Amino acid sequence: MKIFRYLMILFFLLYVMSAAALAQTKTYVYAFDHDYPPYTFMEKGKPAGFDIDIMTAIFKGKDVNIEYKPMQWGDVQEALRQGRVHVTSGMAKGEERKKIYDFSQLPVSELRISIFTTSRSNIRNLPDLTDKKVVTQRGSLYQKLLERKGFKPDLYETESEALVALFRDKADAFVGTEKTALYNIRKYNLKGIFPVGDPLEVSSIYYAVKKGDADLLAGINEGMQRIKRDGTYDRIYRLWFVEELSTQRDQ
């Protein structure tokens, strides 16, 4: 009987300790573009990509639980703005966006926005897009860039869908992220599509959090600095980008 009572007390103490530990663990919802390889995407039903691995490394060993939520990119931005999710990635800073979100101090990676076309086209630079049918992703930096330049692109929910439209002769050119486009060209075997000219814009992409979420932002900033110092960032970068698809740029 004493043994039974001892076991019950032990079980109760373990339960209380476990509950206390869970109560201390913070859970953050990380919404991401479900079709933005190699940065964020779904692979065999699980989140994958460079940004995902960096986020995991940032909070490794911390009392933090990351809940991953794949979404359309336009929905990601709106959910973060409304505070229904806590953080996202793959977002370039801009004056309008800085009014809505708070950004990490260090960038996650570089962003190169380029024109892609086919051998059937004589497009080689931005002015050549005049009177041409251009496709890009809805709600993206590329859409805004084209609109600032006076173009009205046809919009698709994902970059891969826009590239497939180009491949099927439903467009004359595609504008988007260079690394993502090259990844999708290889994945979907979109032969004959290649980048032309110099990048339209070269910038950086960051983690973005709900406006005013100082604790989460501080955790991201501290973690990013740590993995930059200890070499973890470089190791993950090599894993995803060293063996990129080699595509000749047509000058």
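At what angle do H6 and helix H7 pack, and how far apart are their axes? I will come to the answer in a moment, but please keep in mind throughout that what we are looking at is a predicted model.

Let me begin with the helices. Two packed helices are described by the angle between their axes and by the distance between those axes. In our case, H6 and helix H7, which covers residues 178–187, pack at an angle of about 60 degrees, and their axes are 10 Å apart. On the H6 side the contact is made by Glu159, Ser160 and Leu163, while H7 contributes Thr180, Ala181, Asn184 and Ile185. Sorted by class, the contact of H6 with H7 consists of three nonpolar residues, three polar residues and one charged residue.

Now to the charged side chains. Side chains of opposite charge can pair when their charged atoms come close. The structure holds eleven salt bridges, and I would like to take you through some of them.

Next, Asp169 forms a salt bridge with Arg120, and their closest N and O atoms are 2.4 Å apart. This pair links distant parts of the chain, 49 residues apart: Asp169 is in the loop between helix H6 and strand S11, whereas Arg120 is in the loop between strand S8 and strand S9. Both Asp169 and Arg120 are exposed.

Finally, Glu157 forms a salt bridge with Arg138, with 2.8 Å between the closest N and O atoms. Glu157 lies in the loop between strand S10 and H6, and Arg138 lies in the loop between S9 and helix H5, so the pair ties together parts that are 19 residues apart in sequence. Are these two residues buried, exposed or partly exposed? Glu157 is partly exposed, because its relative accessible area is 30%, and Arg138, at 39% relative accessibility, also counts as partly exposed.

Terms used
Residues numbered from 1 in each chain as written. Predicted model: local features only at pLDDT ≥ 70, side-chain atom pairs only at ≥ 80, totals over all residues. Heavy atoms only, no water. Salt bridge = Lys/Arg side-chain N within 4 Å of Asp/Glu carboxyl O. Helix = DSSP H or I, 4+ residues; strand = E, 2+ residues; numbered from the N terminus. Buried < 20%, exposed > 50% of the residue type's maximum accessible area, 1.4 Å probe, protein only. Axes fitted to C-alpha atoms, helices over the stretch in contact; angles between N-to-C directions. Contact = heavy atoms within 4.5 Å. Nonpolar A, V, L, I, M, F, W, Y, C, P; charged D, E, K, R; others polar.
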